[in-house]
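Visitor: I would like to learn how to read a fold like this one, feature by feature. Could we begin with the strands and then move on to the helices and the ligand?

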Amino acid sequence: MRKTPDPLTRRALLGTIAALPAAAALPLPPSQAFRRAVPPPASAGEVLDVMGFEPLAREALPPAHFGYLATGADDDRTVLRNQDAFGDIEIRARRFVDVSHVDTRVALYGTRYAGPVYLSAVSSQRAFHPDAELAVARAARSRDAPLMISSGSSVPTDAVAAERGAPVWQQLYPTDDWEVTRALVRRIEEAGCPAIVLTVDTMPGRNNETLRRAMAADSRTCTDCHVNNNHDMWRKAPLYAGLDVSRVTTHLPMDLTPAYLDRLRALVKVKLLVKGIVAGEDAALAVEHGADGVIVSNHGGRNEETLRATIDCLPEIAAAVRGRVPVLLDGGVRRGTDVFKALALGATAVGIGRPQGWGLAAFGQSGVEAVLDLYVRELTQIMRQAGTPTLADIRPERVNRRGVR
Ligand SMILES: Cc1cc2nc3c(=O)[nH]c(=O)nc-3n(C[C@H](O)[C@H](O)[C@H](O)COP(=O)(O)O)c2cc1C
(Lines give C-alpha, C1' and ligand atoms only; values in the text may rest on other atoms or scores of the structure.)
Protein backbone atom coordinates (compact mmCIF):
# COMPACT_ATOMS: atom_id res chain seq x y z
CA MET A 1 0.00 0.00 0.00
CA ARG A 2 1.21 3.54 -0.81
CA LYS A 3 2.21 5.40 2.31
CA THR A 4 1.19 9.09 2.65
CA PRO A 5 4.33 11.06 3.52
CA ASP A 6 4.10 12.87 6.84
CA PRO A 7 3.60 16.64 6.39
CA LEU A 8 7.11 17.68 7.42
CA THR A 9 8.83 15.23 5.08
CA ARG A 10 6.41 16.27 2.37
CA ARG A 11 7.13 19.96 2.91
CA ALA A 12 10.87 19.38 2.86
CA LEU A 13 10.48 17.39 -0.34
CA LEU A 14 8.38 20.08 -2.00
CA GLY A 15 10.92 22.71 -0.97
CA THR A 16 13.68 20.73 -2.62
CA ILE A 17 11.63 20.22 -5.78
CA ALA A 18 10.75 23.93 -5.98
CA ALA A 19 14.45 24.77 -5.93
CA LEU A 20 15.13 22.62 -9.00
CA PRO A 21 15.21 24.33 -12.41
CA ALA A 22 12.67 21.85 -13.78
CA ALA A 23 10.10 22.87 -11.12
CA ALA A 24 8.15 25.03 -13.58
CA ALA A 25 7.41 21.92 -15.64
CA LEU A 26 5.77 20.05 -12.73
CA PRO A 27 1.99 19.73 -12.74
CA LEU A 28 0.28 22.52 -10.78
CA PRO A 29 -3.15 22.46 -9.16
CA PRO A 30 -5.74 23.24 -11.86
CA SER A 31 -6.49 26.71 -10.42
CA GLN A 32 -2.81 27.64 -10.72
CA ALA A 33 -1.86 25.81 -13.90
CA PHE A 34 -2.34 28.60 -16.42
CA ARG A 35 -1.52 31.61 -14.25
CA ARG A 36 2.05 31.92 -15.46
CA ALA A 37 1.18 31.31 -19.10
CA VAL A 38 -1.39 34.13 -19.31
CA PRO A 39 -0.04 37.44 -20.70
CA PRO A 40 -0.27 40.38 -18.26
CA PRO A 41 -3.69 42.05 -18.44
CA ALA A 42 -3.76 45.20 -20.58
CA SER A 43 -6.71 46.68 -18.69
CA ALA A 44 -8.28 46.30 -15.28
CA GLY A 45 -11.33 44.55 -16.74
CA GLU A 46 -9.12 41.67 -17.91
CA VAL A 47 -8.04 40.72 -14.39
CA LEU A 48 -9.97 37.59 -13.51
CA ASP A 49 -10.09 37.77 -9.74
CA VAL A 50 -9.37 40.15 -6.88
CA MET A 51 -6.14 38.39 -5.92
CA GLY A 52 -4.98 38.88 -9.51
CA PHE A 53 -4.43 42.56 -8.71
CA GLU A 54 -1.91 41.84 -5.96
CA PRO A 55 1.08 40.89 -8.18
CA LEU A 56 0.27 43.81 -10.47
CA ALA A 57 0.43 46.22 -7.53
CA ARG A 58 3.68 44.63 -6.38
CA GLU A 59 5.10 45.24 -9.85
CA ALA A 60 3.83 48.84 -9.98
CA LEU A 61 4.98 50.03 -6.56
CA PRO A 62 8.36 50.76 -5.02
CA PRO A 63 9.22 48.22 -2.28
CA ALA A 64 8.42 50.44 0.71
CA HIS A 65 4.98 51.33 -0.64
CA PHE A 66 4.09 47.75 -1.46
CA GLY A 67 5.43 46.75 1.96
CA TYR A 68 3.18 49.35 3.60
CA LEU A 69 0.14 47.94 1.81
CA ALA A 70 1.00 44.31 2.44
CA THR A 71 2.40 44.26 5.94
CA GLY A 72 0.88 42.43 8.84
CA ALA A 73 2.32 42.11 12.35
CA ASP A 74 5.13 39.73 13.39
CA ASP A 75 5.00 36.86 10.86
CA ASP A 76 1.90 38.13 8.96
CA ARG A 77 0.03 34.97 9.89
CA THR A 78 -3.14 36.78 10.99
CA VAL A 79 -3.27 38.38 7.54
CA LEU A 80 -3.32 34.91 6.02
CA ARG A 81 -5.73 33.51 8.63
CA ASN A 82 -8.26 36.23 7.79
CA GLN A 83 -8.29 34.92 4.24
CA ASP A 84 -7.91 31.20 4.86
CA ALA A 85 -10.65 30.99 7.48
CA PHE A 86 -13.27 31.65 4.80
CA GLY A 87 -12.15 28.32 3.35
CA ASP A 88 -13.36 26.55 6.49
CA ILE A 89 -16.93 27.59 5.80
CA GLU A 90 -19.10 25.85 3.24
CA ILE A 91 -22.16 27.21 1.48
CA ARG A 92 -25.38 25.16 1.62
CA ALA A 93 -26.95 25.81 -1.74
CA ARG A 94 -30.71 25.30 -2.21
CA ARG A 95 -32.66 24.60 -5.39
CA PHE A 96 -36.30 25.23 -6.36
CA VAL A 97 -36.07 28.98 -5.81
CA ASP A 98 -36.94 31.65 -8.38
CA VAL A 99 -33.62 33.41 -8.96
CA SER A 100 -34.55 35.27 -12.15
CA HIS A 101 -33.91 38.54 -10.30
CA VAL A 102 -30.98 38.78 -7.90
CA ASP A 103 -30.80 41.96 -5.82
CA THR A 104 -27.45 42.81 -4.16
CA ARG A 105 -28.52 46.26 -2.96
CA VAL A 106 -28.03 47.12 0.69
CA ALA A 107 -29.40 49.92 2.88
CA LEU A 108 -26.98 51.36 5.42
CA TYR A 109 -27.89 54.21 7.72
CA GLY A 110 -30.67 55.40 5.44
CA THR A 111 -28.72 55.24 2.17
CA ARG A 112 -29.06 52.51 -0.46
CA TYR A 113 -25.94 51.21 -2.26
CA ALA A 114 -25.46 48.84 -5.21
CA GLY A 115 -23.80 46.12 -3.14
CA PRO A 116 -22.80 45.19 0.41
CA VAL A 117 -19.07 45.83 -0.16
CA TYR A 118 -17.60 49.09 1.13
CA LEU A 119 -14.18 50.64 0.72
CA SER A 120 -12.67 50.61 4.21
CA ALA A 121 -10.24 53.20 5.56
CA VAL A 122 -6.81 52.96 3.90
CA SER A 123 -4.47 55.81 4.73
CA SER A 124 -1.87 57.62 2.61
CA GLN A 125 -3.16 56.47 -0.77
CA ARG A 126 -0.84 58.83 -2.62
CA ALA A 127 1.72 56.12 -1.92
CA PHE A 128 -0.21 53.93 -4.38
CA HIS A 129 -1.23 56.34 -7.15
CA PRO A 130 -0.92 60.09 -7.84
CA ASP A 131 -4.74 60.43 -7.91
CA ALA A 132 -4.84 58.79 -4.47
CA GLU A 133 -8.17 58.96 -2.58
CA LEU A 134 -9.73 61.02 -5.38
CA ALA A 135 -9.48 58.03 -7.75
CA VAL A 136 -10.99 55.77 -5.09
CA ALA A 137 -13.83 58.25 -4.56
CA ARG A 138 -14.55 58.37 -8.31
CA ALA A 139 -14.64 54.58 -8.39
CA ALA A 140 -16.99 54.51 -5.38
CA ARG A 141 -19.20 57.01 -7.18
CA SER A 142 -19.35 55.13 -10.47
CA ARG A 143 -20.03 51.83 -8.66
CA ASP A 144 -22.33 53.30 -6.01
CA ALA A 145 -20.22 51.86 -3.16
CA PRO A 146 -19.97 53.15 0.43
CA LEU A 147 -16.66 54.87 1.17
CA MET A 148 -14.88 55.25 4.51
CA ILE A 149 -12.05 57.78 4.44
CA SER A 150 -9.03 57.31 6.69
CA SER A 151 -7.82 59.92 9.17
CA GLY A 152 -4.57 59.57 7.27
CA SER A 153 -6.10 60.36 3.87
CA SER A 154 -3.63 62.18 1.60
CA VAL A 155 -6.55 64.33 0.39
CA PRO A 156 -8.90 66.44 2.56
CA THR A 157 -12.27 64.84 3.35
CA ASP A 158 -14.38 67.53 1.65
CA ALA A 159 -12.44 67.06 -1.60
CA VAL A 160 -12.97 63.29 -1.40
CA ALA A 161 -16.69 63.75 -0.69
CA ALA A 162 -16.95 66.11 -3.68
CA GLU A 163 -15.47 63.43 -5.98
CA ARG A 164 -17.69 60.74 -4.42
CA GLY A 165 -20.67 63.01 -5.09
CA ALA A 166 -22.19 62.00 -1.76
CA PRO A 167 -21.21 62.14 1.90
CA VAL A 168 -18.44 59.77 3.00
CA TRP A 169 -17.88 58.08 6.36
CA GLN A 170 -14.85 59.43 8.19
CA GLN A 171 -12.65 57.02 10.14
CA LEU A 172 -11.24 58.68 13.25
CA TYR A 173 -7.97 58.42 15.11
CA PRO A 174 -8.87 60.92 17.80
CA THR A 175 -5.34 61.23 19.32
CA ASP A 176 -4.62 61.43 23.04
CA ASP A 177 -5.33 65.17 23.27
CA TRP A 178 -9.04 65.83 23.87
CA GLU A 179 -8.83 69.36 22.43
CA VAL A 180 -7.60 67.86 19.16
CA THR A 181 -10.38 65.22 19.33
CA ARG A 182 -12.98 67.93 19.76
CA ALA A 183 -11.61 69.96 16.84
CA LEU A 184 -11.48 66.87 14.61
CA VAL A 185 -15.08 65.92 15.34
CA ARG A 186 -16.22 69.46 14.60
CA ARG A 187 -14.20 69.51 11.37
CA ILE A 188 -15.61 66.14 10.24
CA GLU A 189 -19.20 67.12 11.00
CA GLU A 190 -18.78 70.44 9.19
CA ALA A 191 -17.54 68.48 6.14
CA GLY A 192 -20.99 66.82 6.11
CA CYS A 193 -19.97 63.26 7.07
CA PRO A 194 -23.00 61.29 8.26
CA ALA A 195 -20.85 58.83 10.23
CA ILE A 196 -17.66 58.82 12.27
CA VAL A 197 -15.87 55.49 12.61
CA LEU A 198 -13.75 55.27 15.74
CA THR A 199 -10.92 52.78 15.28
CA VAL A 200 -10.12 51.15 18.62
CA ASP A 201 -7.45 48.62 17.69
CA THR A 202 -4.36 50.72 17.07
CA MET A 203 -2.38 51.07 20.27
CA PRO A 204 1.20 52.27 19.78
CA GLY A 205 4.07 49.86 19.22
CA ARG A 206 2.93 47.43 16.54
CA ASN A 207 5.54 45.17 14.99
CA ASN A 208 5.25 45.55 11.21
CA GLU A 209 8.32 43.57 10.19
CA THR A 210 7.37 43.17 6.54
CA LEU A 211 7.12 46.94 6.24
CA ARG A 212 10.49 47.40 7.91
CA ARG A 213 12.14 44.89 5.59
CA ALA A 214 10.54 46.56 2.58
CA MET A 215 11.75 49.97 3.75
CA ALA A 216 15.26 48.63 4.13
CA ALA A 217 15.08 47.43 0.52
CA ASP A 218 14.07 50.90 -0.70
CA SER A 219 16.64 53.68 -0.93
CA ARG A 220 14.36 56.48 -2.22
CA THR A 221 13.51 59.58 -0.19
CA CYS A 222 9.77 59.85 -0.37
CA THR A 223 8.62 63.43 0.11
CA ASP A 224 5.15 62.59 -1.26
CA CYS A 225 4.38 60.58 1.84
CA HIS A 226 6.61 62.11 4.47
CA VAL A 227 6.22 65.86 4.37
CA ASN A 228 9.26 67.33 6.18
CA ASN A 229 10.21 63.74 7.03
CA ASN A 230 7.17 63.32 9.29
CA HIS A 231 5.84 59.81 9.80
CA ASP A 232 3.19 60.68 12.42
CA MET A 233 -0.24 60.87 10.84
CA TRP A 234 -1.24 63.87 12.96
CA ARG A 235 1.73 65.82 11.63
CA LYS A 236 1.20 65.09 7.95
CA ALA A 237 -2.44 64.25 7.12
CA PRO A 238 -4.74 67.08 5.94
CA LEU A 239 -7.43 66.12 8.48
CA TYR A 240 -5.16 67.43 11.27
CA ALA A 241 -3.82 70.47 9.37
CA GLY A 242 -3.79 73.69 11.35
CA LEU A 243 -4.58 72.02 14.70
CA ASP A 244 -2.21 72.38 17.61
CA VAL A 245 -0.86 68.82 17.80
CA SER A 246 2.12 69.66 19.99
CA ARG A 247 0.77 67.57 22.92
CA VAL A 248 -0.27 64.56 20.80
CA THR A 249 1.75 61.40 21.33
CA THR A 250 -0.49 58.59 19.93
CA HIS A 251 -3.39 57.89 17.54
CA LEU A 252 -5.61 56.82 20.40
CA PRO A 253 -5.80 57.58 24.11
CA MET A 254 -4.23 54.77 26.12
CA ASP A 255 -7.24 54.87 28.50
CA LEU A 256 -9.79 54.00 25.84
CA THR A 257 -12.35 52.64 28.31
CA PRO A 258 -16.17 52.68 28.12
CA ALA A 259 -15.99 56.08 29.87
CA TYR A 260 -14.09 57.40 26.85
CA LEU A 261 -16.81 56.04 24.56
CA ASP A 262 -19.39 57.92 26.64
CA ARG A 263 -17.40 61.12 26.36
CA LEU A 264 -17.01 60.78 22.62
CA ARG A 265 -20.65 59.77 22.19
CA ALA A 266 -21.71 62.98 23.95
CA LEU A 267 -19.56 64.97 21.52
CA VAL A 268 -20.48 63.26 18.22
CA LYS A 269 -23.80 64.32 16.72
CA VAL A 270 -23.70 62.04 13.67
CA LYS A 271 -23.64 58.22 13.67
CA LEU A 272 -20.77 56.72 15.64
CA LEU A 273 -19.40 53.33 14.58
CA VAL A 274 -16.69 51.41 16.43
CA LYS A 275 -14.11 49.59 14.29
CA GLY A 276 -11.71 46.94 15.54
CA ILE A 277 -14.00 44.73 17.65
CA VAL A 278 -13.05 41.05 17.88
CA ALA A 279 -14.89 39.87 21.02
CA GLY A 280 -18.59 39.64 21.84
CA GLU A 281 -18.12 41.35 25.22
CA ASP A 282 -16.64 44.43 23.57
CA ALA A 283 -19.38 44.51 20.95
CA ALA A 284 -21.97 44.55 23.75
CA LEU A 285 -20.06 47.31 25.57
CA ALA A 286 -19.82 49.41 22.40
CA VAL A 287 -23.58 49.16 21.82
CA GLU A 288 -24.41 49.84 25.48
CA HIS A 289 -22.23 52.96 25.31
CA GLY A 290 -23.98 54.36 22.30
CA ALA A 291 -22.34 52.92 19.16
CA ASP A 292 -24.58 52.96 16.09
CA GLY A 293 -22.59 50.17 14.47
CA VAL A 294 -19.89 47.62 15.26
CA ILE A 295 -17.15 46.71 12.80
CA VAL A 296 -15.57 43.30 13.28
CA SER A 297 -11.99 43.98 12.28
CA ASN A 298 -8.43 43.19 13.29
CA HIS A 299 -7.11 45.93 10.99
CA GLY A 300 -6.32 43.35 8.33
CA GLY A 301 -3.91 41.64 10.75
CA ARG A 302 -1.70 44.72 10.82
CA ASN A 303 -1.76 45.48 14.54
CA GLU A 304 -1.49 42.30 16.57
CA GLU A 305 -0.78 38.70 15.69
CA THR A 306 -3.76 36.97 17.32
CA LEU A 307 -4.20 34.35 14.58
CA ARG A 308 -7.95 34.78 15.03
CA ALA A 309 -9.67 35.51 11.73
CA THR A 310 -12.43 38.10 11.73
CA ILE A 311 -14.90 35.68 10.12
CA ASP A 312 -14.35 33.43 13.16
CA CYS A 313 -15.05 36.37 15.51
CA LEU A 314 -18.27 37.30 13.73
CA PRO A 315 -20.74 34.76 15.21
CA GLU A 316 -20.08 35.72 18.84
CA ILE A 317 -20.28 39.41 17.96
CA ALA A 318 -23.53 39.03 16.02
CA ALA A 319 -24.92 37.12 19.02
CA ALA A 320 -23.85 39.85 21.46
CA VAL A 321 -25.24 42.69 19.32
CA ARG A 322 -28.62 40.94 18.90
CA GLY A 323 -29.62 43.02 15.91
CA ARG A 324 -29.60 46.31 17.85
CA VAL A 325 -27.20 47.96 15.38
CA PRO A 326 -25.61 46.87 12.08
CA VAL A 327 -22.56 44.62 12.32
CA LEU A 328 -19.98 45.09 9.55
CA LEU A 329 -16.85 43.02 8.94
CA ASP A 330 -13.53 43.41 7.17
CA GLY A 331 -10.38 41.30 6.84
CA GLY A 332 -9.38 38.85 4.12
CA VAL A 333 -12.53 39.22 2.00
CA ARG A 334 -11.34 38.32 -1.50
CA ARG A 335 -14.30 36.59 -3.20
CA GLY A 336 -18.02 37.07 -3.64
CA THR A 337 -18.43 33.81 -1.74
CA ASP A 338 -16.55 35.38 1.22
CA VAL A 339 -19.07 38.23 1.19
CA PHE A 340 -21.89 35.66 1.15
CA LYS A 341 -20.43 33.82 4.15
CA ALA A 342 -20.01 37.00 6.18
CA LEU A 343 -23.58 38.04 5.44
CA ALA A 344 -24.84 34.58 6.39
CA LEU A 345 -23.05 34.81 9.74
CA GLY A 346 -24.55 38.16 10.64
CA ALA A 347 -22.79 41.00 8.79
CA THR A 348 -24.83 43.64 6.98
CA ALA A 349 -21.89 44.64 4.76
CA VAL A 350 -18.19 43.91 4.39
CA GLY A 351 -15.18 46.16 3.95
CA ILE A 352 -12.10 45.78 1.79
CA GLY A 353 -8.69 47.27 2.54
CA ARG A 354 -5.74 45.94 0.53
CA PRO A 355 -7.75 45.05 -2.60
CA GLN A 356 -8.60 48.71 -3.20
CA GLY A 357 -4.89 49.56 -2.86
CA TRP A 358 -3.98 46.81 -5.35
CA GLY A 359 -6.53 48.03 -7.89
CA LEU A 360 -5.48 51.64 -7.39
CA ALA A 361 -1.77 50.91 -7.71
CA ALA A 362 -2.23 48.78 -10.82
CA PHE A 363 -4.74 50.84 -12.82
CA GLY A 364 -5.90 53.90 -10.83
CA GLN A 365 -9.66 54.52 -10.75
CA SER A 366 -10.48 51.73 -13.23
CA GLY A 367 -8.59 49.25 -11.05
CA VAL A 368 -10.72 50.06 -8.01
CA GLU A 369 -13.84 49.86 -10.19
CA ALA A 370 -12.80 46.46 -11.50
CA VAL A 371 -12.19 45.20 -7.95
CA LEU A 372 -15.67 46.33 -6.88
CA ASP A 373 -17.19 44.80 -10.03
CA LEU A 374 -15.59 41.44 -9.26
CA TYR A 375 -17.09 41.30 -5.76
CA VAL A 376 -20.58 42.21 -6.95
CA ARG A 377 -20.40 39.89 -9.98
CA GLU A 378 -19.20 36.95 -7.90
CA LEU A 379 -21.74 37.67 -5.17
CA THR A 380 -24.55 37.81 -7.72
CA GLN A 381 -23.43 34.49 -9.10
CA ILE A 382 -23.30 32.68 -5.77
CA MET A 383 -26.65 34.20 -4.74
CA ARG A 384 -28.19 32.76 -7.91
CA GLN A 385 -26.50 29.38 -7.42
CA ALA A 386 -27.35 29.16 -3.73
CA GLY A 387 -31.00 30.11 -4.19
CA THR A 388 -30.83 33.40 -2.28
CA PRO A 389 -32.23 36.15 -4.54
CA THR A 390 -31.95 38.91 -1.90
CA LEU A 391 -29.43 39.67 0.84
CA ALA A 392 -32.14 38.97 3.42
CA ASP A 393 -32.23 35.36 2.15
CA ILE A 394 -28.56 34.84 3.06
CA ARG A 395 -29.25 33.44 6.51
CA PRO A 396 -27.10 31.39 8.94
CA GLU A 397 -28.55 28.09 7.69
CA ARG A 398 -26.97 28.80 4.29
CA VAL A 399 -23.50 28.01 5.65
CA ASN A 400 -21.81 25.15 7.51
CA ARG A 401 -18.52 25.05 9.28
CA ARG A 402 -16.51 22.35 7.52
CA GLY A 403 -17.04 18.99 9.17
CA VAL A 404 -19.98 20.26 11.30
CA ARG A 405 -23.50 19.42 10.12
C1 LIG B 1 -2.35 50.29 3.80
C2 LIG B 1 -3.47 50.22 4.79
C3 LIG B 1 -3.76 51.34 5.55
C4 LIG B 1 -4.81 51.30 6.47
N5 LIG B 1 -5.13 52.43 7.16
C6 LIG B 1 -6.15 52.39 8.05
C7 LIG B 1 -6.53 53.57 8.76
O8 LIG B 1 -5.97 54.64 8.57
N9 LIG B 1 -7.53 53.46 9.67
C10 LIG B 1 -8.19 52.28 9.90
O11 LIG B 1 -9.10 52.23 10.72
N12 LIG B 1 -7.87 51.16 9.22
C13 LIG B 1 -6.88 51.19 8.31
N14 LIG B 1 -6.56 50.06 7.62
C15 LIG B 1 -7.32 48.81 7.86
C16 LIG B 1 -8.50 48.65 6.89
O17 LIG B 1 -9.46 49.65 7.09
C18 LIG B 1 -9.18 47.30 7.05
O19 LIG B 1 -9.54 47.13 8.39
C20 LIG B 1 -8.29 46.12 6.61
O21 LIG B 1 -7.39 46.49 5.61
C22 LIG B 1 -9.18 44.99 6.07
O23 LIG B 1 -8.42 43.87 5.73
P24 LIG B 1 -7.97 43.52 4.24
O25 LIG B 1 -6.85 44.42 3.90
O26 LIG B 1 -7.56 42.10 4.36
O27 LIG B 1 -9.16 43.72 3.32
C28 LIG B 1 -5.55 50.09 6.66
C29 LIG B 1 -5.23 48.98 5.89
C30 LIG B 1 -4.21 49.03 4.95
C31 LIG B 1 -3.92 47.81 4.13
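Visitor: Which residue stands opposite Ile352 in β11?

Guide: Bearing in mind that this is a predicted model, the residue that stands opposite Ile352 in β11 is Leu119. The strands β4 and β11 pair in the parallel sense, over 3 bridges.

Visitor: In what order do the strands of the open sheet lie?

Guide: The open sheet has 8 strands with parallel pairing, and its order reads β4-β11-β10-β9-β8-β7-β6-β5. Because β4 (117-119) and β5 (148-149) stand at the edges, each with a single partner strand, one side of each is left without a neighbour in the sheet.

Visitor: At what angle do the axes of α4 and α9 cross?

Guide: Angles over 145 degrees count as roughly antiparallel. The axes of α4 (residues 63-70) and α9 (residues 209-216) cross at roughly 175° and come within 7 Å, and the two helices are therefore roughly antiparallel to each other. The residues of this contact divide into 8 nonpolar, 2 polar and 1 charged; among them, Phe66 and Tyr68 belong to α4, while Leu211 and Met215 belong to α9.

Visitor: Which residues come nearest to the ligand?

Guide: Of the 25 residues around the ligand, those that come nearest are Ser120, Ser123, Ser150, Gly300 and Gly353. The residues of the shell divide into 6 nonpolar, 16 polar and 3 charged, with Gly counted as polar. Helix α4, strand β11 (349-352) and helix α15 (354-363) each supply at least two residues of that shell.

Terms used. Residues numbered from 1 in each chain as written. Predicted model: local features only at pLDDT ≥ 70, side-chain atom pairs only at ≥ 80, totals over all residues. Axes fitted to C-alpha atoms, helices over the stretch in contact; angles between N-to-C directions. Helix = DSSP H or I, 4+ residues; strand = E, 2+ residues; numbered from the N terminus. Parallel < 35°, antiparallel > 145°, perpendicular 65-115°, else oblique. Contact = placed C-beta atoms within 7 Å. Near = placed C-beta within 6 Å. Pairing = 2+ DSSP bridges.
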